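My notes follow the structure.

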Amino acid sequence: MFIFIFSNYINNKLTVTEYKNKKISIEILPRVELLSGVLSQTKWMNIRGPEGNGNEYFRELQYFFSYYKNHKAIEIANELIDNGFTFDAPLNFILGLSEIPNLDSSNGYSDYLIERAKGEAILEDFRLALIDLERKSNFKENFFNNHKSDYQRYIRKISQNFNADEVLDWMNNFYGYINNEYHLILAPAMFPLGGYAVTIEKNNGDKAVYEIIRASESSNEEPDFGNDIFYISLHEWGHSYVNPVVKKNISLINKYNLYQLYKPVEDKMIKQHYGSTETFLNEQIIRGINNYKLREQYKDNLKYETERGFYLTEFTTEQIEYYQKHRDKFKSFDDFIPYLLKKYYENKNELLKNL
């Protein structure tokens, strides 16, 4: 279970524990709140804003940054949004930087971020503008530090109903290994309710796995992060396992022409920002895994996923059952993915016929 560290805020980590010598933390980060404040002044509100005026905390953050609505950071953020730098991309960007005030970019910008932003130069311009905005507003002293008691309260509430050890124990057994560190980041001024997944590979080769939990878009009082953190964590932390091994097997995806499975739901997927066969498979596999794990608790989950375009969920779940029964053959999930891709290929016509 979690060890609470509320008295020492040096590292901005209000809750820390360890699982098999791997660090787990529940956090509210200054740089994420800085980004949230910037986005509150942009077109982001038209696509990912709250219903109505938003929760109390969001309103305070938005008001604080309203005095800087003409700052260059806001201008660049709007340009990035026009470029399609939306959904998980801004979080992927900010979590790859060091904490304020430096926002160091020693890890560099990934190809994914550069593609989403349509260039590396604009990312660097945005980073420098955020540094300038934080300095001019003195954000950490004038806003963030004044809300420590609020952050502690949000985290206490989440911690009481969430056992990260249980999630990691299941993932360790299922995937066959665990990563170096895991972070659950609460984002009380981001919407709608749900999560984003970000994995940062550090210069030393370690992986820091993040899930960002957004607040309910309908709350107008205290931020509400929902009661389903276990399910969201299985999904978002699961991306750190699924995405790399799917990318590693991209040649098989091309060889088997699995775009044919993506094509019938392409329009639905693009609306959910899953704009390629690879991202579709990432999501489809994750949803099959979650369906396998939680099918007893969430009996309507299969119908829900199918209606959203993830029509391979039942088939994927069946293959995962095979994986679990033959762990002598598959030492880890990485060994299973080539098998799964081949099964998609072998059953392609039948899967499309039943769509």
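The points below cover the basis, the ring pairs and the cavity.

1. This is a predicted model: local features need pLDDT of at least 70, side-chain atom pairs count only at pLDDT 80 or more, and totals for chains, interfaces and linings use all residues. Residues are numbered from 1 along each chain as its sequence is written, and side-chain values use heavy atoms, with hydrogens and water left out.

2. The whole structure holds 42 aromatic pairs. Rings of Phe, Tyr and Trp (its six-membered ring) pair if their centres lie within 6.5 Å; planes under 30 degrees apart count as stacked, over 60 as edge-to-face and the rest as tilted.

3. Phe-93 and Tyr-109 are stacked, because their ring centres are 6.1 Å apart and their planes at 20°. Both residues, Phe-93 and Tyr-109, are buried (under 20% relative accessible area, 1.4 Å probe, protein chains only).

4. Trp-170 and Phe-174 also form a stacked pair, with 4.7 Å centre to centre and 10° between the planes. Trp-170 and Phe-174 are both buried. Ring pairs link them into a cluster whose members include Tyr-241, Tyr-292 and Phe-336.

5. One cavity of 30 Å³ or more turns up in the whole structure. A cavity is a set of points on a 1 Å grid over the protein atoms alone where a 1.4 Å probe fits but cannot get out; lining residues have an atom within 4 Å of a point. Volume is the space filled by probe spheres set on the points, which are joined across faces, edges and corners.

6. Which residues line the largest cavity? Leu-35, Leu-39, Ala-77, Leu-80, Ile-81, Phe-85, Pro-90 and Phe-126 do.

Methods. Buried means under 20% relative accessible area, exposed over 50%, partly exposed in between (1.4 Å probe, protein chains only). On a 1 Å grid over the protein atoms alone, a cavity is a set of points where a 1.4 Å probe fits but cannot get out, and a pocket is an open set with protein on both sides within 12 Å along at least five of seven lines; lining residues have an atom within 4 Å of a point.
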